[in-house]
Amino acid sequence: MPSATFTCTSLLKSQMSLRTKFKHLPCTKSIRYISHLSRKPRHRNSIPLSPQQDSHALLKEDPVEILSNLWIKTFSQPQNPFTNITGFLSKLDLWVLAYQRTYAHFTGSFPPRNALHSHVLSDISSLRNTVIHGKFLWNAKTHQLIRGPNEKPITEQLSRRQLHNILTSKTPPFQDIVVQQVLLMILEPIFEPRFSSKSHAFRPGRNPHTVVRTIRSNFAGYLWFLKGDISEVFDDVDANVVMGSLEKAVKDKKVLNLIKSGLRAPVRSRLGEEEDEAEKDSKKRKQGRTKKRILNENDRKPDPYWLRTFFEFAPQEAAKIPNYGCCGILSPLLANVCLSELDHMMEQKIVEFFRPCERDAIWKYSMDDGCHNPAWPEFVPSSGKEKTRKMDFIRFGGHFLVGIRGPRQDAVEMRKEIIEFCERIFGVRLDNSKIEVEHISRGIQFLDHIICRRVIYPTLRYTASGGNIVSEKGIGTLLSAAASLQQCIRQFRKLKLVKGDRDPEPLPCTPMLYSGQAHTNSQMNKFLETMAEWFRYADNRRKVVGFCAYVVRSSLAKLYAARYRLKSRAKVYKIASRDLSRPLREHTNNSAPEYSDLLRMGLVDAIEGVQFSHMSSIPSCDYTPFPRNWIPDHEKVLCEYINLQDPKFFCQLHKSVKQHGICLPQDEISDIVWEYKTLGVRSLSQRLCGDKGMENSSQKVMAAS
């Protein structure tokens with residue numbers, strides 16, 4: 001017995017020592033969640049669904065209608081702060097729509113609502129309740145309430161390495177993206193009417209094309225330009241700065257606390273960083289012997305080659321996308337909320353800086369008329385002490401452009417004020433190299449376009465006091481927005497399609513080495529069409545697109561020369577013609593059927609020629625006038641709808657109709673219908689023919705009735 005008790009006590013001591021050692025392991029907290037990963041998590045706030053209960057009965061509203069009403073409310077009262085956003089967060093229909101959008105992002109297919117299973121709706125409800133009760137944790141990879149469509153359910157206990165890989169992976173959980181999508185759908189209509197019209201990035205209805213057209217329309221006549229780069233705000237910004245901007249429009253503490261917790265970047269252990277570096281080294285060593293990856297059934301297919309190639313042509317101003325902590329797709333909206341402080345400050349400076357000259361007949365009366373003609377030359381006075389001083393501002397992401405009509409000293413002072421404002425508000429210290437002062441004669445590169453001026457000498461003809469026609473020659477400038485050919489060459493060099501700088505030489509398009517001629521030509525044609533659309537508003541559109549077509553055509557000719565064992569590009573052009581539309585094949589097998597026979601039998605694809613092989617086929621620049629006070633179409637529709645809902649608008653409209661003596665169309669139609677019922681068709685048609693001389697009046701009366 002004493003020996004037995006001694007062995008029992010020794011076993012208890014060893015068990016307690018092992019328990020204490022296990023408690024002090026660095027990944028003890030992670031190992032505790034293995035049981036949660038091995039089975040589907042349950043939440044106490046989830047809605048249990050019985051088999052007899054219809055899960056879709058919980059969806060009672062239309063999410064599009066909810067968001068539409070929110071957009072209308074925010075645009076009708078843009079300055080009112082929102083105190084209760086939790087009411088929108090509690091709507092399950094919005095969460096289902098966010099799940100559908102996230103599902104489509106991962107798989108490429110948008111699932112209908114009636115196709116969602118009951119357990120998916122239960123998981124979405126659990127995630128919603130967790131967010132509402134303030135218990136949601138960002139980047140909680142060990143306790144996921146809902147899983148992505150491509151994630152396999154974990155049925156077995158995970159090893160330590162598998163658990164470590166899950167915790168240190170950079171891919172955010174699926175449920176985080178769903179929460180970000182819900183917040184984006186709710187917060188975007190709240191802040192859109194508050195944003196300045198000078199901002200064009202990460203906003204619906206605005207893109208780089210609207211920036212180029214706005215510059216062409218509004219920036220003519222400016223001499224000095226400030227080209228600024230404040231993209232440091234995208235990299236690292238204080239959470240208090242963003243929260244201070246958010247609190248001006250949002251007063252809901254639950255939403256603010258949720259966003260504030262997401263702004264804090266996840267802390268990664270040193271062990272994970274060292275293992276990431278070791279993994280990168282092993283990938284570099286295995287780079288030569290990697291195998292092709294076979295996609296699963298639900299995996300998203302990679303982007304085609306032409307689209308990846310065009311993404312490489314992204315300008316410097318659009319290459320960087322903000323990513324704050326765990327906010328993900330919500331980060332661009334938060335960056336715009338933060339940078340809107342700069343937009344409103346510059347709008348105030350524009351009004352204070354404007355001092356028109358008495359002899360100025362262009363800017364003095366066309367400040368806010370919205371009828372400015374961009375083709376009209378902005379005349380620069382050559383003499384006189386009094387000169388018009390004017391300024392304009394536009395921003396795309398973290399880059400902005402300020403045009404100043406005045407001396408260089410005004411531009412220098414404005415740069416100093418912007419630097420002080422960014423340091424005071426954003427906590428970002430900028431030097432003079434981040435905000436450059438450039439003259440219009442040197443050209444300013446913005447969004448891969450060169451903003452410069454063309455001096456013209458128009459002949460002004462006017463009638464003098466005596467009735468004589470006087471002709472005088474004046475001097476003026478037209479603003480030019482031309483595509484940067486050097487930047488285009490740099491992008492092609494980065495894609496390894498050309499070599500050299502001054503005289504670039506095309507290189508073979510090696511990524512398409514194992515593709516057929518029809519597929520290769522179609523891919524590069526899509527790329528050329530996209531490039532032609534990208535440079536749609538460039539003055540030298542034909543020149544740049546023609547250069548891109550020459551590079552692509554020569555690169556494909558070199559590729560075909562190597563693939564089909566031809567000696568030079570000249571032989572390729574001789575067989576396949578200039579646009580490479582004729583079939584190329586090796587001449588060793590003469591017994592092979594002709595390409596026309598294979599095409600008729602459906603064994604090969606039709607080969608389309610490379611586009612823009614002739615300069616006449618390239619479209620010219622689009623000079624469509626752009627209004628000075630332009631707003632996107634969806635904002636126009638919202639403003640018109642809000643006016644139609646206002647009864648005061650109808651009263652004013654009715655008064656104006658009565659004052660001008662105009663008959664309402666409703667009254668006219670009612671008179672026609674009443675006379676048709678009382679007098680008949682013949683008498684009414686005779687009266688209409690006698691009054692207006694109309695033909696086939698009976699048919700028109702019947703149509704009106």
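1. E505 and K558 form a salt bridge whose closest N and O atoms are 3.0 Å apart, a salt bridge being a side-chain nitrogen of Lys or Arg within 4 Å of a carboxyl oxygen of Asp or Glu. The pair connects distant parts of the chain, with E505 in strand β11 (residues 505–506) and K558 in helix α21 (residues 541–563), 53 residues apart. E505 is partly exposed at 27% relative accessibility, and K558 is partly exposed at 22% (buried is under 20% relative accessible area, exposed over 50%, partly exposed in between, with a 1.4 Å probe and protein chains only). Helices (H or I, at least four residues) and strands (E, at least two) are DSSP runs, numbered from the N terminus.

2. The model is predicted: local features need pLDDT of at least 70 and side-chain atom pairs count only at pLDDT 80 or more, while totals for chains, interfaces and linings use all residues. Residues are numbered from 1 along each chain as its sequence is written, and side-chain values use heavy atoms, with hydrogens and water left out.

3. The whole structure contains 17 salt bridges. One of them joins R203 to E635 (4.0 Å, N to O); R203 lies in the loop between α9 (174–191) and α10 (208–218), E635 lies in helix α24, and the two are 432 residues apart. R203 is buried at 6% relative accessibility, and E635 is buried at 9%. Both residues belong to a salt-bridge network that also includes E192 and R206.

4. D235 and K320 form a further salt bridge, with the closest N and O atoms 3.3 Å apart. D235 is in helix α11 (residues 232–235) and K320 is in the loop between α16 (316–319) and α17 (331–353), so the bridge ties together parts 85 residues apart in sequence. D235 is exposed, at 51% relative accessible area, whereas K320 is partly exposed at 33%.

5. Helix α24 (residues 633–645) also packs on helix α4 (residues 63–76), at an angle of about 75° and with the axes 10 Å apart. Axes are lines fitted to C-alpha atoms, for helices over the stretch in contact, and angles run from 0 to 180 degrees between N-to-C directions. The two helices α4 and α24 are therefore roughly perpendicular (65 to 115 degrees). In contact (heavy atoms within 4.5 Å) are W71, I72, F75 and S76 of α4 with H634, E635, L638, Y641 and I642 of α24.

Conventions:
Angles under 35 degrees count as roughly parallel, over 145 as roughly antiparallel, 65 to 115 as roughly perpendicular and the rest as oblique.
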